[in-house]
Amino acid sequence: MKVGTNAYLLLSALLFTIGVVGVLVRRNAIVVFMCVELMLNAVNLSFIAFARRNGTLDGQVLAFFVMVVAAAEVVVGLGILVAIFRKRSSASVDDVNLLRG
Amino acid sequence: MILAATTAAERAELITFVPLAVLSVVTAVGMVTSRNAVYSALLLVVNFFCLAGFYVLLQAQFIAAVQVIVYAGAIMVLFLFVLMLLGIGNEEVVSEPIPGQRVVAGVLALALLVAVVVAVLNGGLSGGAGDLAAANQGGNVEAVGRLLFTRYAFAFEATGILLVVAAVGALVLGKRRP
């Protein structure tokens, strides 16, 4: 039998959870970004698994758009990171507390 | 239930899926646990290649190619470039600003995983996998392209605007103020 949609969805859930743990635990902002990328990719995997299950290509197109948005997000995010690093020479998420009430 | 492979193609999918799944999970865990950010980036590249393998198995050849070119190529080079530019060494402060943050994060993530797994297993998706052979007639790239320029033409154009805004934004953010 084929590897079912379930197997891909469970793998996607596992990868997403690993990404969530990384975002919650890591302090380095660049690594936090990488974990966000991992989560986006996990969701892409389930989109494409659903595309095969439904026999249509809409899921693949949606995954393509997710990739484009992720690319734009990384560009702006890393730009912000470099700007912060210039001001405080640190990439730790805990050092960015200027807005703390 | 898994070992009841019938045809050679389906058996091939299975023996490709299992090692790729193991490798992708191992690299993801390694990325989160690695102390050195450069190791994290390189493990993430391996993870992206695994996902490209899954996309080929799922008959999404175009997305697999885009995954390798855009993610493993462009985005990860950008990450490594910024890592090298900022010159962050492997010293990461192992401090917990919020007491018990790691434990709470683990518990919450476990709860999320259990919720999603239960939802997937109860979602009525246990039936056989579908097939894209009809939709991919004449090539996957052609079919995706046709869809992209007809039904999703507006979203495609909006994507162009988004990319321009992102490029201008990065330029403004990266500019040194006098």
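This is a predicted model: local features need pLDDT of at least 70, side-chain atom pairs count only at pLDDT 80 or more; totals for chains, interfaces and linings use all residues.
Two residues are in contact here if their C-beta atoms, placed from the backbone, lie within 7 Å.

Residues are numbered from 1 along each chain as its sequence is written, and chains are lettered from A in the order in which they are written.

Chain B first. It has 6 helices and 0 strands, where helices are DSSP runs of H or I with at least four residues, strands are E runs with at least two, and both are numbered from the N terminus. Of the 178 residues in chain B, 26% are buried, meaning 20 or more other C-beta atoms lie within 10 Å of a residue's own; exposed means 12 or fewer, partly exposed in between, with C-beta atoms placed from the backbone.

Now α5(B). Its buried residues include B:N140, B:A143 and B:V144. They sit on the same side of α5(B) because they cover an arc of only 95° around the axis, taken over the directions from the helix axis to the C-beta atoms. On the face turned away from that buried side are the exposed residues B:E142, B:F149 and B:T150. What do the buried residues of α5(B) pack against? Against α3 (58–88) of chain A, together with α3 of chain B.

Last, the contact between the chains. Chain B gives 74 residues and chain A gives 64 residues. Among the chain B elements that give two or more residues to the side touching chain A are α3 (61–86) and α5 (140–150).
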